[in-house]
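Here are my notes after a pass through the model.

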Amino acid sequence: MNPVNYLYLSALLFTIGAAGVLIRRNAIVVFMCVELMLNACNLAFVVFSRMHGNLDGQIIAFFTMVVAAAEVVVGLAIIVSLFRSRHSASVDDASLMKL
Amino acid sequence: MENLIALLIAAPLLGAAVLLCGGRRLDAVGHWLGTLLAAVSFGLGVALFADMLGRSADNRAVHKHLFSWVPVEGFQADVGFQLDQLSMTFVLLITGVGTLIHIYSIGYMEHDENRRRFFGYLNLFLAAMLLLVLADNYLLLYVGWEGVGLASYLLIGFWQHKPSAATAAKKAFLVNRVGDMGLSIAIMVMFTTWGSFAFSTVFNQVGETGWGRNTTVGLMLLLAACGKSAQVPLQSWLGDAMEGPTPVSALIHAATMVTAGVYLITRSGAIFNQVQDVQTVVVIVGAVTLLFGAIVGCAKDDIKKALAGSTMSQIGYMILATGLGPIGYAFAIMHLVTHGFFKAGLFLGAGSVMHGMNDEVDMRKYGGLRKYMPVTFVTFGLGYLAIIGFPGLSGFWSKDKIIEAAFAKGGTEGWILGAVTLLGAAITAYYMTRVMLMTFFGEKRWNEEETHPHESPGTMTIPMIVLAFGSVLAGGLFSINESFVKWLEPVTSFSHGDSPVSAGVVTASTIVVLLIGVGLAWAQYGRKPVPVVAPRGSLLTRAARRDLLQDDFNHVVLVRGGEHLTRSLVYVDHTLVDGVVNGTAAGFGGLSGRLRKLQNGFARSYAVSMFGGAAVLIAATLLMRAV
């Protein structure tokens, strides 16, 4: 199968993720959309690795997973404490950081 | 002998220091100490003069380097003295007339509780004036120049409880400051051009220097002379300076300090001789002032102000003579010396009249005083005959020579200058006869119950008698074999001009204009009684009473002009400068107010801007690659 199709899939996933981040208010959903974007990138890295015939892309995909795992820990902790203090997981409610 | 030169200045300087720092405990002896030190200075002057006469004409000038004042690489300011024939003449005049006026002041200031301070200032003046004429470089001359300005300021405002005196002192100081700026600029230009202030260095190099530098220096020196010698356009202070005690008017504002400008131009003759144009300006200044002062003197009813107008006019003669170059320098100085005698005598006479008349200065309230003050009358009368140029007396010899020199300038200029000086002589005769008739002749116009005219004490009359002798004899003595001209020739150089009219014709016409002036004054003030209240008078008379509108002119042009200038500058400051500064601040404030709106706190809008930014970056990258 032509590897370019995987790139189309990756772009599609990234777009869905980006649209989710911009449109949805629920912090959990926004968070999942960020994960979707990260994985779309991973897919693109792996495809490029295959197309160029070296392992650089696959190694970077592993790095991304590590970073994503760490990010999940911090992000979920923030969301949980936000929910505890405000009884809401809406990102628009947390808008005190402004001039 | 050279060591005595420093002592000449040190004696009055010591007197000033002791009298001004000594306090009230010196009140009893202060005036004697001051007079003694002035006399010591005069004695030293005479000793130096005798020593100088013992040498041949070319070896008479002596130099004395006292110490290095500011010894910096490339900037050498020294304190050194130069005593040549010109300085010697001034030293004798300053200390001689100065000592006489010290003696006179003992009587005149007897009832003033600040007499000690007065003598301190007089001594300070003598020291500064001697420094001025003895300095061998321009920087030291400038120190003396400022010193006499200070002494003049202090003495004009001596009765500072009178607002008019305090104002007059300030006015004199400010107007003099304009002239002093000229002198300091001249000195700076000298230093940048010739690298030195010393007379010898400057005068040796002046011939090799370009027209521009020499003209600048000449004009600035002339400005300085105008300020100190009350010449048009800086003449306005002299009339008001008469607010000071009369001995001050006699010593500083008639005999010595106001002639410093004549000294400066004569001393700088080497510079002025190089630039004909500047000499022409000098002559014009002298001629204008000569007529200006004479016209003012005709209209004043205040005896001292009439004499002040006369002083201005006579100094105009001297400045005119210095502008003629080597034809005129010697005669300018000769007139300066004779004027020093007779004008000091006239002022002392005026002071004596005021002393006997309860300090009344209005001549319309005098009249018939010759019977009450015989000594004052005779001495004043001799001074009067001398100043109008009565044949045989001092003024005749010196003024006649200046008129001859003016004709000898040659060409149309010579004729114009000759006519102006002759006209001046006629007006001089007119206003001095007017003063004489109004004061000593005619009806009594004072109130006999309140005023008891009396002769002044001996301390006042003796100096007047001595000065009267000077007024009578000095001119004649100087003219025997042209001794005065020959005496000054090594310093000022001398040349006989080619006069288109013979000396006899000049003398005859001088006597004719003299008689016309006296006759006119007699017709107006001798034949008819003098009205006690001044008549309204013609337009010219009224203008002359207001000093030919000099103060109005200064007010409109300088004061108003200055006010408008400052106001417009304030306006520019408020609108333009503040506008730019405040506008910049307001612009940044408004811009940041708008940028602040981007910080709305919504995470999603930050995310949009991040995506937007990334999209723009990617688009730009792709675009660059495509191109």
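This is a predicted model: local features need pLDDT of at least 70, side-chain atom pairs count only at pLDDT 80 or more; totals for chains, interfaces and linings use all residues.

1. Chain A and its record. The unreviewed UniProt entry annotates residues 6-23, 28-48 and 60-83 of chain A as "transmembrane region". How do the model's helices sit with that? Residues 28-48 of chain A come out as 100% helix and 0% strand, with 30 Å between the end C-alpha atoms. For residues 60-83 of chain A the figures are 100% helix and 0% strand again, and the end C-alpha atoms are 34 Å apart.

2. Chain B and its record. Here the unreviewed UniProt entry places "domain: NADH:quinone oxidoreductase/Mrp antiporter transmembrane" on residues 135-420 of chain B. That span is 75% helix and 0% strand in the model, and its end C-alpha atoms lie 35 Å apart.

3. His335(B) deserves a look. This residue belongs to helix H15 (residues 329-356) of chain B. Is His335(B) buried or exposed? With a relative accessibility of 0%, His335(B) counts as buried, because the cut-off for that is under 20%. Its side chain makes a polar contact of 2.8 Å with the side chain of Gln314(B). Beyond four places in sequence, His335(B) touches Gln314(B), Tyr317(B), Met318(B), Phe342(B), Ser398(B), Lys399(B) and Ile402(B).

4. The H15(B)/H16(B) pair. The axis of H15(B) comes within 9 Å of the axis of helix H16 (residues 374-388) of chain B, and the two cross at roughly 145°. The crossing is left-handed. On the H15(B) side the contact uses Phe342(B), Lys343(B), Leu346(B), Gly349(B), Ala350(B), Ser352(B) and Val353(B), while H16(B) brings Thr376(B), Phe380(B), Gly383(B), Tyr384(B), Ala386(B) and Ile387(B). By type, the contact residues are eight nonpolar, four polar and one charged.

5. Ser310(B) ties in with that pair. Ser310(B) sits in helix H14 (residues 303-323) of chain B and is buried, at a relative accessible area of 0%. Setting aside neighbours within four places in sequence, Ser310(B) is in contact with Gly293(B), Lys343(B), Ile387(B), Tyr431(B) and Met432(B). Of these, Lys343(B) and Ile387(B) also take part in the H15(B)/H16(B) contact.

6. A cis peptide to check. Where is it? The bond joins Val232(B) and Pro233(B), with omega at about 10°. Val232(B) lies in the loop between helix H8 (211-228) and helix H9 (237-240) of chain B, and Pro233(B) is in the loop between H8 and H9 too. Leaving out residues up to four places away in sequence, Val232(B) touches Cys226(B), Val285(B), Val288(B), Thr289(B) and Phe292(B). For a sense of scale, the C-alpha atoms of Val232(B) and Ser605(B) are separated by 81 Å, at 373 residues apart along the chain.

7. Positive phi values. Asp359(B), a residue other than glycine, has a positive phi near 60°. Asp359(B) is placed in the loop between H15 and H16 of chain B and is exposed, with a relative accessible area of 53%. Leu549(B), also not a glycine, has phi near 60°. Its place is the loop between helix H22 (539-545) and helix H23 (550-596) of chain B, and at 39% relative accessibility Leu549(B) counts as partly exposed.

Note on methods:
Residues are numbered from 1 along each chain as its sequence is written. Chains are lettered from A and ligands numbered from 1 in the order in which they are written. Side-chain values use heavy atoms; hydrogens and water are left out. UniProt positions are given in the numbering used here, feature names are shortened, and annotations may be inferred rather than shown by experiment. Helices (H or I, at least four residues) and strands (E, at least two) are DSSP runs, numbered from the N terminus. Buried means under 20% relative accessible area, exposed over 50%, partly exposed in between (1.4 Å probe, protein chains only). A polar contact is a pair of N or O atoms within 3.5 Å; within protein, one must be able to donate a hydrogen and the other to accept it, and residues adjacent in sequence count only if both atoms are side-chain atoms. Contact means heavy atoms within 4.5 Å. Axes are lines fitted to C-alpha atoms, for helices over the stretch in contact, and angles run from 0 to 180 degrees between N-to-C directions. A crossing is left-handed if the near helix is turned anticlockwise from the far one by less than a right angle, and right-handed if clockwise. Ala, Val, Leu, Ile, Met, Phe, Trp, Tyr, Cys and Pro count as nonpolar, Asp, Glu, Lys and Arg as charged, and the others, Gly among them, as polar.
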